[in-house]
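Please look over the sequence and the structure shown here before reading on. The notes that follow are grouped by topic.

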Amino acid sequence: MAIRAQLFVTCLAEQFFPNVLKGMVALLERLGVEAVFPEAQTCCGQPFFNSGYRTQARELALKWLDVFGKTDGFIVSPSGSCVDMVRHHFPELFRPGSADHKRAVEIGARTVEFTQFLVNQLKVTDVGARFPGKVTYHASCHLLRGLGAREEPKALLRGVDGVELIPLPGEDTCCGFGGVFSVIYPEVSQSMMKAKVQAIDSTGADVVVACDAGCIMNIAGGLRKAGSPVRAMHLIEVLTAGRGAS
Amino acid sequence: MSHQPTSIDFRANVQQVPSTMPPAVQKATTKFLGNRAALVDALGNDFWQQLRQAGHEVRLHAITHLDYYLEQAERQVIQAGGHVHWARDAEEAQRVVIDIARTHRAKLAVKSKSMATEEIGLNHAMEAAGIRVLETDLGEYIVQLKGMGPAHIVVPAFHLSKEEIADLFREKLGIEAPAEAEKLTQIARMKLREEFLAADLGISGGNFLVAETGTIVTVTNEGNGRMCCTVPPVHVAVVGIDKVVPDWESLTVLLKLLARSATGQKLSCYTQFISGPPRTDAETGPKEFHLILLDNGRTRILQSPETRETLLCIRCGACLNICPVYNHVGGYAYGYPISGPTGVMFASQILGSKAAGALPFASTLCGACNDICPVKIPITEILLHLRRRVVEGDDLEGAAAPYSLRVGAQIGAVALGTPWLYRVGSRMLKRLQVPFVQEGWMANLPGPLSRWTMARPFPAFAADFRRWWRRRSDRT
């Protein structure tokens, strides 16, 4: 029986990076995984949770749990922060011992971030991709510290034929996105983003790779504003480059 | 009178930060973090993690048994011949110090570096009562001359260059000072020496209070703290009630964690243990010792199970050093003597959401502070709860944010949580954005999103995955 992956597409990836999602489907299928898309899914509630609106976060979490509670197998997402929300913060929204708490813990346990799914569940680091160029990697905060994925994305990058992986100075320093932070304190967000862009430029890489839509929006925008030739890409775009989505 | 801030506007403060601040801050924090990392490596990460866990447990035990350990400490201090005063808030603590000073007709008090006295605005209160107060930690001495507070809880003047300090000495002390660290230190030392000898009162804080012996522990690097606690005839220590630890065994764990995390030292140059006034004529030191146990909101923090681990903090400053926000704004932007992630936790709870509700949002929740904290405070979890307290209120405090924001959040949640509305919205945005989009980006957006586009363009809405998925499913 094929492994099944329920796609948890996340609102940012759906609104801004649909090609990442198409690439994720293509990759999963190439690796023999059956991809399923529960169409009733919307936002997991992270923006509300992170801004302090627990009531609204709980409403959205309940809806999300209703949708994914009806599924089986792994729930796979191309965003570390959304998986961190489901795995670690959903249970905090419900009283321990309650049915919803139990459901949140159970469903959270099968919710996995894409790179961790490939490397730790499927035991794959070489997906047969080819991407000639110098690449540097930015470690997204919640993927790194929330989910502990320090090596998985880099292992996948090293598995790509033609990639020259260049270390990014301050790889694990926040890019300044921070969700609502970026609009509440735009000046600070901007100076953090500029520092990140300078570090990226200093590597001489052609591409900076990250695994979270929020960081990519911020970094890609910053690179564009600075007139930098470096492109920001989601790891999935590198893993599917040249092959297109099926 | 109190000098507690009544409203902290982080965004406005950030805009006042001089451009020289971030590079100076980053230079210093990089050095501290490098030294710290080398020492952690030397111990081995496994052992370090064990130490952190032990530190966490010791501190958690202490703050959840405060009544027991504080009374034990009180008995020990009294038995050793010292005096103990309990201060509910900043005003009470100020009054106790001023009363002691007046009893001794004190004209001049010398102070060793202390965040507790910064927190209660002691200097202002004493000056207002006609008592001169002199900071003797070199960094504090410099910022006091400048008429400012500390920019960092461990290294108060680290953002100032040698040139700025030389100018300051020339202006305030009337001394021709070369911009050399050693010479500047010599000048300060010479000036301070006279004051130590003339002082009527020595004031210190305390990094720890060991309950089993009633011992105040101070961790310093300059020796000025020792002068403050030994030369003047009266010593007053102002110590937050959260600083108590059960015994010397617990203390050893915390001392191992503190200096390594703070400045990247195994131990600081001076670790001082003060257990009351001299007991025999052969012993020297101040004849009178007063310990002021300061609450100032700490028991209130303890009432909140979601945030009480704030009180585990040992004020090492590592969370400031690692915090990307702190590194880009420095300490003054927080508008409170304790800055950075730990300052945010303390300020928003001690001052309340109305005055300091802006601070819990001054974080990207990147979590670097959680990982570096030597006593494993779940800082971002606490910030998340404090954000909730600001916008929704909790058992301790009502909501401080305007109700309109909650209405907005509810509308947003309905739009994002209703599948058909979500899909229609995403289609509408793709249409509405057309006049703004160039090469897949929007350079200037109106409304709240202008705060995004002032820094970088916004990507065009591009949702087409659902259609793609449907077509693909229809084909197969």
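The expected span of a helix is 1.5 Å times one less than its number of residues, and helices (H or I, at least four residues) and strands (E, at least two) are DSSP runs, numbered from the N terminus. This is a predicted model, in which local features need pLDDT of at least 70 and side-chain atom pairs count only at pLDDT 80 or more, whereas totals for chains, interfaces and linings use all residues. Residues are numbered from 1 along each chain as its sequence is written, and chains are lettered from A and ligands numbered from 1 in the order in which they are written.

**Helix 12 of chain A**

- Helix 12 of chain A has 13 residues and reaches 18 Å from its first C-alpha to its last, which is close to the expected 18 Å.
- Because 12 of the 13 residues of helix 12 of chain A are buried, this helix is largely enclosed by the rest of the structure; a residue is buried if 20 or more other C-beta atoms, placed from the backbone, lie within 10 Å of its own.
- Among the buried residues of helix 12 of chain A are A:C215, A:M217 and A:R224.
- Just after helix 12 of chain A, A:G227 takes a positive phi of about 70°.

**Helix 11 against helix 12 in chain A**

- Helix 11 (residues 186–202) and helix 12 (residues 213–225) of chain A pack at an angle of about 75°, with their axes 9 Å apart, where axes are lines fitted to C-alpha atoms over the stretch in contact and angles run from 0 to 180 degrees between N-to-C directions.
- That angle makes helix 11 of chain A roughly perpendicular to helix 12 of chain A, a term that covers 65 to 115 degrees.
- A:M193, A:K194, A:K196 and A:V197 in helix 11 of chain A meet A:N218, A:I219, A:G222 and A:L223 in helix 12 of chain A, with contact meaning that C-beta atoms, placed from the backbone, lie within 7 Å.

**Contact between the chains**

- The contact takes 51 residues from chain A and 49 residues from chain B.
- On the side of chain A that touches chain B, the largest share, 8 residues, comes from helix 11 of chain A.

**A sheet in chain B**

- An open sheet of 4 strands in chain B has the order 8-5-6-9, with mixed pairing; two strands pair if DSSP finds at least two bridges between them.
- Strand 8 (244–245) and strand 9 (270–274) of chain B stand at the edges, each with a single partner strand, so one side of each is left without a neighbour in the sheet.
- Strand 5 (residues 208–210) and strand 6 (residues 215–220) of chain B run antiparallel and are joined by 3 bridges, and B:L209 stands opposite B:I216 in strand 6 of chain B.

Terms used. Angles under 35 degrees count as roughly parallel, over 145 as roughly antiparallel, 65 to 115 as roughly perpendicular and the rest as oblique. Two residues are in contact if their C-beta atoms, placed from the backbone, lie within 7 Å.
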